[in-house]
Amino acid sequence: MKKKDIVKLSRRDFERAWLESGRSLKKPHHDMQYPRLRFKAGKSHVLYDTIWMIREAYLRLGFSEMVNPLFIDEEHIYKQFGPEAPAVLDRCFYLGGLPRPDIGLAADKIEMMRDMGIDTDPGRIEKLKDVFRSYKKGDLPGDDLVLEVSEALGVESHDGLRVLERVFPEIQDLEPVAGRTTLRSHMTSGWFISLSSIHDHYRMPLKLFSIDRCFRREQKEDSSHLMTYHSASCVVVDDEVPLDVGKAVAEGLLEHFGFSRFRFRPDEKKSKYYIPGTQTEVYAYHPRLGEWVEIATFGLYSPIALSMYGIDKEVMNLGVGVERVAMVLNQERDVREMVYPQIYSSWSLSDRDIAEMLRINLHPVTSDGRELMERIIETWEAHADAASPCSFEVYSGEFLGRKIKVDAVEVEKNTRLLGPAVWNTIYIHDGNILGVPPGTGLDTELIVRARKEGLNTGIRYMDALAAEAAYRIEEMVVRGDEKVEIRSTIARSLSDLNLTLEDAAMRYITGRDREIDLRGPLFSTITCELKSGR
């Protein structure tokens with residue numbers, strides 16, 4: 001019954017209409033059936049999970065969030081570190097840029113453009129000079145240069161690019177030149193700049209935190225060092241700030257992550273922006289890990305460094321390495337694998353992942369085709385073991401506006417309508433794709449384990465073959481062919497069973513010496529012919 005008829009019926013007899021609505025359900029495409037159909041939550045990155053937890057911990061402790069400057073002029077490093085600055089700057093990345101060259105328009109260059117078929121009348125040349133002057137002064141962004149040159153010469157953009165490449169090679173040969181600006185290598189450099197602007201604008205105490213990237217020019221990246229990392233840093237600013245504030249903040253922050261006991265040890269590094277004797281390492285004991293781990297560092301900013309910024313307050317600074325916390329909490333051993341798993345971690349697919357990538361290839365697309373597929377399955381299930389030669393009518397009637405007759409047949413003598421493998425079901429176990437028969441017999445050890453522990457995809461050989469037969473009959477009717485025969489003999493591969501596997505899963509299986517074993521006798525035949533009339 002059509003939906004609009006069900007609605008009309010509901011006004012007269014709701015109960016009957018409700019029951020009829022249940023009959024309107026159609027068996028979905030195999031790709032829309034469990035377990036191939038799967039909806040799962042997106043996977044967050046462990047690093048950003050940790051950032052979020054640290055952020056929440058700071059907020060619960062009454063700290064307000066701030067974004068500190070990322071680009072730091074080297075003069076700030078000298079203010080903060082004093083004579084130690086050159087050694088600190090050695091680990092900093094300096095920012096560079098391409099210089100803006102003087103681009104001349106000598107006669108030979110004008111002649112080269114003329115040889116390229118470019119109109120070089122004086123008006124156009126003057127416009128081109130204006131473009132280059134604007135580019136030199138920095139008024140014209142570099143990414144607009146091709147467009148402006150093209151417009152000045154009255155040519156298409158690809159011709160403008162060709163002129164720049166061939167006539168003005170000095171643009172192509174530019175090399176970057178570093179300035180005096182660095183990328184922030186530690187959050188402290190940003191705190192001094194921020195506090196210099198706000199230290200006398202707010203009531204004390206001032207409690208601020210910032211979680212952001214820092215960049216450090218390591219000699220190499222290894223299991224414990226990256227050239228960019230995240231610092232979760234905070235400051236407490238007041239007229240007087242005792243060192244024990246750092247201990248209390250560290251405890252309150254790290255208890256949020258389940259750390260239960262703490263040890264505080266003098267830090268041997270003795271950074272010059274801290275008061276001597278205040279730089280302290282924080283070690284925390286995590287009961288689940290059963291070990292003490294270094295988590296944070298805190299100290300009191302030196303009045304010498306603070307005076308360079310006109311700050312007349314006392315400041316406690318505590319810094320937590322986010323990657324360090326994430327590695328501890330997730331028991332990771334290599335920071336590269338944790339942060340960049342797509343590059344450094346080994347590739348793995350679960351059986352569930354592979355099941356998502358395994359699909360019936362040809363499947364009926366119309367409701368008539370899907371109903372015919374179910375009739376084929378019902379006929380096969382009822383007569384699979386019938387002795388041959390034999391023939392069983394699957395369907396006779398209207399199909400996509402034409403009259404057809406469909407039969408399941410086997411013409412050879414002394415056999416069965418279907419081969420025994422049609423009852424096999426596809427299981428996935430430990431990365432292997434296997435055809436598992438319904439009963440026990442002379443099974444391999446792998447088949448036995450798959451039946452017991454593997455993932456049942458719900459796809460029988462019979463289902464996949466019936467889907468292809470119904471699809472081929474849809475094709476026959478649409479093309480106007482008189483008849484079609486769909487026959488399957490021996491299953492050796494996925495394609496023999498009308499199955500397809502996504503390339504990623506295939507690469508995973510073959511790359512790890514797993515098996516795709518779907519062998520078995522099918523010997524199924526479906527015939528269809530058009531009947532006269534409509």
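Rings of Phe, Tyr and Trp (its six-membered ring) pair if their centres lie within 6.5 Å; planes under 30 degrees apart count as stacked, over 60 as edge-to-face and the rest as tilted. This is a predicted model, where local features need pLDDT of at least 70 and side-chain atom pairs count only at pLDDT 80 or more, while totals for chains, interfaces and linings use all residues. Residues are numbered from 1 along each chain as its sequence is written, and side-chain values use heavy atoms, leaving out hydrogens and water.

**Exercise 1.** Find how many aromatic pairs there are, then classify the pair Y340 and Y344.

*Solution.* Start with the count: the ring rule gives 13 aromatic pairs. Next, take Y340 and Y344: their ring centres are 6.5 Å apart and their planes meet at 45°, so this pair is tilted.

**Exercise 2.** Name the members of the aromatic cluster that includes F81.

*Solution.* Along with F81, the cluster holds F192, Y273, Y274, Y301 and Y309.

**Exercise 3.** Work out which strands stand at the edges of the open four-stranded sheet.

*Solution.* First, recall the terms: strands are DSSP runs (E, at least two residues), numbered from the N terminus, and two of them pair if DSSP finds at least two bridges between them. Now read the order, which is β12-β13-β20-β17 with antiparallel pairing. β12 (390-399) and β17 (483-491) each have a single partner strand, so they are the edges.

**Exercise 4.** Zoom in on how β12 pairs with β13.

*Solution.* These two strands join through nine bridges in the antiparallel sense. Look for G397, and you will find I404 of β13 opposite.
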